[in-house]
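Hi everyone, thanks for making time.

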Amino acid sequence: MSDPYKPMVIHKPQDRTSTVRTASQLNAAARSGAIVDTQRAGSVLNKAHHVNTDHRRIAELDRSDDVKPPPTIKHTVSQTIQRVRKEKGWSQKDLAQKINEKDTVIRDYESGKAVPNQQVLGRLERVLGVKLRGNDIGTALPVRGAKK
């Protein structure tokens, strides 16, 4: 057991480090005699994810007031849709019914005015039996269930 007559010393707890957010907090800490260390937030840590960013292009986009139109479908895709549809003897309305879309959608895809929708392109590929996405546009799709 400890000696009951031994004097007990109570220490003041050490100050914990805290982050100051304003200039007035920084000045108050300096006046009270606290140790002040300044660092820029994210000076080293945040640079890693900015390595491959094209800052000049982003700044140019920020400065410009022009609204860039969305990308439209490639000319080769629209020609392929039209060519295969005519080979099968279907009208635009027939093809639209087969993929459960309006005939205006097919008209826009064939004229090259449509904004590409991956779901619509996938259904068109399935019904027409040709690839409409990727590098080999216009090649026949492999038959489902057939082994290579």
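Let's start with the largest nonpolar core, which has 17 residues. Within it, I81, Y109, L124, L128 and L132 touch the most other members. Oh, and keep in mind that this is a predicted model.

Which elements give two or more residues to this core? They're helix 3 (75–88), helix 4 (92–98), helix 5 (103–111) and helix 6 (118–128). Helix 6 gives the most, with 4 residues.

Let's zoom in on L124. Leaving out residues up to four places away in sequence, L124 touches I81, L95, I99, I106, Y109, G129 and L132.

Now, helix 5. Which of its residues are buried? Those are V105, I106, Y109 and E110. They sit on the same side of helix 5, because they cover an arc of only 130° around the axis. As a reminder, an α-helix has 3.6 residues a turn, so residues three or four places apart point the same way. And what covers the buried residues of helix 5? Helix 3, helix 4 and helix 6 are among the elements that do. Just after helix 5, G112 takes a positive phi of about 85°.

Okay, stepping back to the chain. We've got 6 helices and 0 strands. Of the 148 residues, 16% count as buried. The accessible surface comes to about 13100 Å², and 51% of that belongs to carbon and sulfur atoms. Last one: if you take contacts between residues at least 6 apart in sequence, 47% join residues at least 24 apart.

That's me done, thanks!

Key: Residues are numbered from 1 along each chain as its sequence is written. This is a predicted model: local features need pLDDT of at least 70, side-chain atom pairs count only at pLDDT 80 or more; totals for chains, interfaces and linings use all residues. Side-chain values use heavy atoms; hydrogens and water are left out. A nonpolar core is a set of buried Ala, Val, Leu, Ile, Met, Phe, Trp, Tyr and Cys residues joined through side-chain atoms within 4.5 Å. Buried means under 20% relative accessible area, exposed over 50%, partly exposed in between (1.4 Å probe, protein chains only). Contact means heavy atoms within 4.5 Å. Accessible areas come from the Shrake-Rupley method with a 1.4 Å probe; for residues, only the protein chains shown count as cover. The arc is that of the directions from the helix axis to the C-beta atoms.
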